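Let's take a friendly walk through a protein chain together. Keep the sequence and the 3D view at hand as you read.

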Amino acid sequence: MQKSVRYNEGHALYLAFLARKEGTKRGFLSKKAAEASRWHEKWFALYQNVLFYFEGEQSCRPAGMYLLEGCSCERALAPPRAGAGPGGARDTLDKQYYFTVLFGHEGQKPLELRCEEEQDGKEWMEAIHQASYADILIEREVLMQKYIHLVQIVETEKIAANQLRHQLEDQDTEIERLKSEIIALNKTKERMRPYQSNQEDEDPDIKKIKKVQSFMRGWLCRRKWKTIVQDYICSPHAESMRKRNQIVFTMVEAESEYVHQLYILVNGFLRPLRMAASSKKPPISHDDVSSIFLNSETIMFLHEIFHQGLKARIANWPTLILADLFDILLPMLNIYQEFVRNHQYSLQVLANCKQNRDFDKLLKQYEANPACEGRMLETFLTYPMFQIPRYIITLHELLAHTPHEHVERKSLEFAKSKLEELSRVMHDEVSDTENIRKNLAIERMIVEGCDILLDTSQTFIRQGSLIQVPSVERGKLSKVRLGSLSLKKEGERQCFLFTKHFLICTRSSGGKLHLLKTGGVLSLIECTLVEEPDASDDDSKGSGQVFGHLDFKIVVEPPDAAPFTVVLLAPSRQEKAAWTSDISQCVDNIRCNGLMTIVFEENSKVTVPHMIKSDARLHKDDTDICFSKTLNSCKVPQIRYASVERLLERLTDLRFLSIDFLNTFLHTYRIFTTAAVVLGKLSDIYKRPFTSIPVRSLELFFATSQNNRGEHLVEGKSPRLCRKFSSPPPLAVSRTSSPVRARKLSLTSPLNSRIGALDLTTSSASSSPTTTHSPAASPPPHTGKVPLDLSRGLSSPEQSPGSVEESVDNPRVDLCNKLKRSIQRAVLESAPVDRAGVDSSPAADAAELSPCRSPSTPRHLRYRQPGGQTADSSHCSVSPASAFAIATAAAGHGSPPGFNNSERTCDKEFIIRRTATNRVLNVLRHWVSKHAQDFELNNELKMNVLNLLEEVLRDPDLLPQERKATANILRALSQDDQDDIHLKLEDIIQLTDCPKAECFETLSAMELAEQITLLDHVVFRSIPYEEFLGQGWMKLDKNERTPYIMKTSQHFNDMSNLVASQIMNYADVTSRANTIEKWVAVADICRCLHNYNGVLEITSALNRSAIYRLKKTWAKVSKQTKALMDKLQKTVSSEGRFKNLRETLKNCNPPAVPYLGMYLTDLAFIEEGTPNFTEEGLVNFSKMRMISHIIREIRQFQQTSYRIDHQPKVTQYLLDKALIIDEDTLYELSLKIEPRLPA
């Protein structure tokens, strides 16, 4: 019998060696002896689940080992001390850490251990616990329990399966029994058939009777069913279902067309361009392809799936369930946000890529594909922009013809609400695409089409009706009268102003527009604006007398044709000022950018000037500014958020001029700053112009060709500054050695290769060859008689001797006198006079007076006199842009002989000052001409502007054109009150005190419609633009904050109440019906007059409950009137955020009266949706841009007046509040006229 357990000692020693070397835990522990309470210190080593202990740390052979699997380890209390020992010994025992290892079987004594440190003891306990595999044992136990449970479940399932098997066998037996019974019954039935046939053969009459009865029953059933079907076909429900099905069929066709358009976009443009981008010589990069097409391919895949689902639903007709398709489509329509958000940037990238000839040629090949049907790529890229609104309209029409109890009514309403929410989000992101839609709408109105409107950089400025005077013949205008009907009828033109072009169209009888064959499309870079006729021009003087100074000229000098002049007449001086201000601003914008580009670009093909590219503050986000991806008209990123200081810095940055930024700033500046701060900044820029250009840009501006001077002297030109041009060089300077030397300059703008060159010749007469006259030298004082051409509102002191006395007591008179003196001095100083001197040349003595031109729109840098003579340098009308070209000529191409560095630097400094002056005058001119209310309400601001302009006039280096500009601004300030010839509502009320009051029956529908339109426009025009800021019409103090908006609302309600009251005044049905028909005719005439506010006044009155419930009265109204009323209501309906009204206003030309509530809703939506300032305190300029867009559209309709004569007898009736009946009384009258039917 074996007494001991054998084990592999060699393996045990190997494990002990590994434990000493790689053990999990090693160290000295005290082990309690088994025979006594003595403790022996051993060296322990733990390896996996085996604990070895050695006599010492250097021992190679273990003294023993323990298998720890299944054991547990816990802390033990310190053993009691046998006797009182020294205090130090007691402290040592208290600090020791005791723990015990318990083994999981009986007969094994626990292992008691201790260590000196508590932390060491805890580590030993944790290591022993892990080596015991206790967690694994617990997990094994849990798995074992699960296994047992699953075994029990299997056994239960086996029992249930056996029971089901027995049941199936019993059912098979029952089936066999039933089959046998059926067979028996069939045999019995076959035995009975001969007997039945015998019965039928025996009774033929009964058989006939049964046939007749069967026929009659069938006929009656078919007749009854036919009646039911016919009744249903004529029912409203069936009609609604037919319309609903038609809407669905139309939606399927539209979806099919849209998928086809996306297919052409992807397969006809996107994929071929991707392949082209992967070629050896790619005409376009992959990044540009992605930027142009965005996620259009994903959109195509999505709509292909949706289209397949629609076709599957059509296959199940007449059951058309669409809500589930929209439920699937809605979550995926968010991909449109990315497309819409970057659509404007996509078109800009495409426009930039088209400058590459290879890409443009390749793109034209793709567009020539017959599948494109003559449409351009821009057209296909615009299609997805309208898909979400199209879905909303479709769902709206579906819901209109879907009964409330329909199974998918709620689903369709949910889909419509989600789409409208998505559309609102997208609307916030597509404010920049409104301009594109406007351009496309105008382009569709023009029969011949207009390709320039497809250019994404074309920004719509304004439109309106102007009268074109017949062409100039032999330098004299045709003798026509402004009031002649032939001139108004034949010369009326619809004009559209964009940032780069000016369109002149005629309107046909059908409402379509036709471009003029000659001068229909004017490129503004080729145009020169002549605002006021000069005193020396006999023809202009005559035209000013004939046309009342309402005319202005546009001189066009195309590079490939003979120059010609377009003379236009504005309806009023206010409209003329608005047109000329916008035109000059656009021209100055183009030419300023062109000049800057020539000066600072290193490569003429680059669209952004080098100095702008080098300034990171213009395109890089910072703590005080944030930019968007969209570029403005100057090809600079638009500002999204910015501090007030950065906005003022952009306003006065001399390197570029953005008309859209200027319009937005002047419309909304009062939200984040004050007029005094803006004027202070302008004054500071005028006094210290070098602060408006960053240091880096100034370095580039003052860079000369000093480093290349040696090469310039040897070779005659600087090789670094030599550039390649497909057209003549942009600037060339020549100098002669004759006493009268001229600097001839030719300037070509790189913005358009077709633009003609601008040239300038300034000659200076001198007695010696070295004498040079500065082109900016101010004219000397002139003692002779100078003709003055002041406006009608100004008079000399001799004409008004009592003005001095009046100015003492009236500060306003003092202000007017100050204005008069400033204008007279400006005109006197700016009038071109002959230079008297012994050394003057005959050419200078015979110089003729040059016409007055806008300072921002020079016709030429050299003005050619009619007689071939050259004007004296002191009389030369050199604009800041022209002088800027002169200075930069020396900077860019080396100075000609005779000019040293100091002269060139002085020349440049002079140009910087002139450019700063030009900028200040431009902003002030825009401010005064378009925002005159700011100065009417703030007399202190007006005085400060006068002081600044007087300081400008005292500048000895001021150019003649700048003096003219200053005089024009002063004249505009003085004419605000005197030239205000527009009617006001208060004046009309005073004029309505007629002795005889007209009644409704004696007034014609035409008279009522015209006077309603006149009143509505007078009230609408009187609203100052500052009332549209801050939602003042929704505040508690709205009558104080927005009095004119509240007056407009009150006038709307009064007119609507008058219409309803007039109808209820008649007791008989026929008179009420005739009154309704007459008011509907008035509303239709208002629609023809573009008075949509008047249309809504009348239709809202007819839809009042007191009028609408009169069924007997409406039964007498003709069908034609009802159809006309439905048409009018559809035009001014509020559905889809006034979608139809907005589309109508886009396609109509001013004058017009829109519904003000539509714009107030838009402004409230913008105000509530976005804050004015960010959390960092920056101005939300994107919001300002959206607000400005709406205000500009409102002011466009405010500025164009109707040519309707005021008829006091009609307005007395319309404004008579005694005729108005309140709402409660109206309803009581309605109940008396037609009482409620008994229930």
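This is a predicted model: local features need pLDDT of at least 70, side-chain atom pairs count only at pLDDT 80 or more; totals for chains, interfaces and linings use all residues.

The paragraphs below look at confidence, then a sheet, then the aromatic rings.

The chain averages a pLDDT of 74, and 72% of the residues score at least 70. Some stretches call for care: pLDDT stays under 50 over residues 472-483, and also over residues 703-813.

Now find the sheet. Strands of a sheet pair through backbone hydrogen bonds, either parallel or antiparallel. Here, 3 strands make an open sheet in the order β16-β17-β20, with antiparallel pairing. Because β16 (625-631) and β20 (1179-1180) each have a single partner strand, they stand at the edges, and one side of each has no neighbour in the sheet. Between β16 and β17 (residues 637-642) there are 4 bridges, and L631 stands opposite P637 in β17.

Next, look for rings. The structure holds 22 aromatic pairs. In one of them, the ring centres of F380 and Y383 are 5.7 Å apart and the planes meet at 85°, so the pair is edge-to-face. Both F380 and Y383 are buried. F1052 and Y1155 form a tilted pair, with 50° between the planes. This pair links distant parts of the chain, 103 residues apart. F1052 counts as buried because its relative accessibility is 14%, whereas Y1155, at 21%, counts as partly exposed.

Finally, charges can sit over rings too: R462 lies over the face of W579, and the charged end of K1047 sits over the ring of Y1044.

Technical notes: Residues are numbered from 1 along each chain as its sequence is written. Side-chain values use heavy atoms; hydrogens and water are left out. Two strands pair if DSSP finds at least two bridges between them. Helices (H or I, at least four residues) and strands (E, at least two) are DSSP runs, numbered from the N terminus. pLDDT is the predictor's confidence in each residue, from 0 to 100. Contact means heavy atoms within 4.5 Å. Rings of Phe, Tyr and Trp (its six-membered ring) pair if their centres lie within 6.5 Å; planes under 30 degrees apart count as stacked, over 60 as edge-to-face and the rest as tilted. Buried means under 20% relative accessible area, exposed over 50%, partly exposed in between (1.4 Å probe, protein chains only). A charge sits over a ring if NZ of Lys or CZ of Arg is within 6 Å of the ring centre and within 35 degrees of the ring normal.
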